[in-house]
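Take a look at the fold below.

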Amino acid sequence: MAEPDLFAAESAVLAAARAAHEDDGAGAAEYRRVLGEMMVHYERLMRETRRLIRRSDRAERDMNQLNRQLHELAGQLEYRATHDPLTGALNRAALIERASGLLEQDDVALIVLDIDHFKQVNDDFGHPAGDAVIQAVVRCLTALLGEQVDVGRVGGEEFSVVWPTRHMAEAAVLGERICHAIAREVFAAPIDRPVTASVGISWNRRGTPFDAAYLRADEALYDAKRAGRNCVRLAPPAGR
């Protein structure tokens, strides 16, 4: 079915004007009549054109706003898919992806830390206070390391830091700084005692699989717990 012609009346007037122009016998009155009709329909055409332009402008603005909203929604969905909702740190899957990518490019220290006696914190002060401690630890790590460093929450009270470095000694120093910073942190009421963390570190050559790097860091973490907690232990170099 053919679409209706919005300007059919204007086309008819234009055709009449052409006919009058070609008719040698047409008088001044006929020319004035045709010209008058053309003026009326030209004004209508201009009004209709302006209306269509305004409608087009509104449609373009609405489309741009919709695109912005879709872009913001996509960003929110991506953030929720990659970040822990309680702390804003990377979730386990996102941290594994980031660490795996960095291990393909450079030597990397994988630092795993666990809040000491966290169950006792929950039992003594309640789970909301425990959540506040978890949030405070992430804030402490971010303040110490900077927003560009990948910090992840990989378990309930377990966290991991991905630190590209070519020196095991530098990783050890960083682990000590993390351990001391958490021990010095002042936690909000009702927490009335220090909270500490045990830290395990593996230093890994470029190309090391993530699972192997994490296993060694996790073993070092348990060495720190067996050593009395609130301390740092390094995994032996791979291959030993």
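The paragraphs that follow go from the sheet to the helices. Keep in mind that this is a predicted model.

Start with the sheet. Five strands form an open sheet, in the order β2-β3-β1-β4-β5. The pairing is mixed. Strands β2 and β5 sit at the edges, and each pairs on one side only. From one strand to the next, the twist averages 20 degrees.

Now look at β2 and β3. These two strands run antiparallel, and four bridges join them. Pick out Asp150: its bridge partner in β3 is Val162.

Helix α5 packs on this sheet. It touches β1, β2 and β3. The direction of α5 makes about 10 degrees with that of β3.

How far apart are the end C-alpha atoms of α5? The helix has 19 residues, and at 1.5 Å a residue they should span 27 Å. The end C-alpha atoms are 27 Å apart, which agrees. Just after α5 comes Gly146, with a positive phi of about 95 degrees.

Which residues of α5 are buried? They are Ala129, Gly130, Val133, Ile134, Ala136, Val137, Val138, Cys140, Leu141 and Leu145. Follow their numbers along the helix. An α-helix has 3.6 residues a turn, so residues three or four places apart point the same way. What covers the buried residues of α5? The cover includes the strands β1, β2 and β3, along with the helices α4 and α6.

Take α4 next. Helix α4 covers residues 118–125, and α5 covers residues 127–145. Their axes come within 7 Å and cross at roughly 135 degrees. That angle makes α4 oblique to α5, because an angle counts as roughly antiparallel only over 145 degrees. On the α4 side, the contact has Phe118, Val121, Asn122 and Phe125. On the α5 side, they meet His127, Ala129, Gly130, Val133 and Ile134. The residues of this contact divide into six nonpolar, three polar and no charged. Three residues of the α5 side, Ala129, Val133 and Ile134, are also among the buried residues of that helix.

Finish with α6, which spans residues 168–184. Arg177 has its place in this helix. Is Arg177 buried, partly exposed or exposed? Its relative accessibility is 41%, so Arg177 counts as partly exposed. The cut-offs are under 20% for buried and over 50% for exposed. Arg177 and Leu144 are 33 residues apart in sequence. In space, they are 8.3 Å apart, C-alpha to C-alpha.

Terms used: Residues are numbered from 1 along each chain as its sequence is written. This is a predicted model: local features need pLDDT of at least 70, side-chain atom pairs count only at pLDDT 80 or more; totals for chains, interfaces and linings use all residues. Side-chain values use heavy atoms; hydrogens and water are left out. Axes are lines fitted to C-alpha atoms, for helices over the stretch in contact, and angles run from 0 to 180 degrees between N-to-C directions. Angles under 35 degrees count as roughly parallel, over 145 as roughly antiparallel, 65 to 115 as roughly perpendicular and the rest as oblique. Contact means heavy atoms within 4.5 Å. Ala, Val, Leu, Ile, Met, Phe, Trp, Tyr, Cys and Pro count as nonpolar, Asp, Glu, Lys and Arg as charged, and the others, Gly among them, as polar. The expected span of a helix is 1.5 Å times one less than its number of residues. Buried means under 20% relative accessible area, exposed over 50%, partly exposed in between (1.4 Å probe, protein chains only). Two strands pair if DSSP finds at least two bridges between them.
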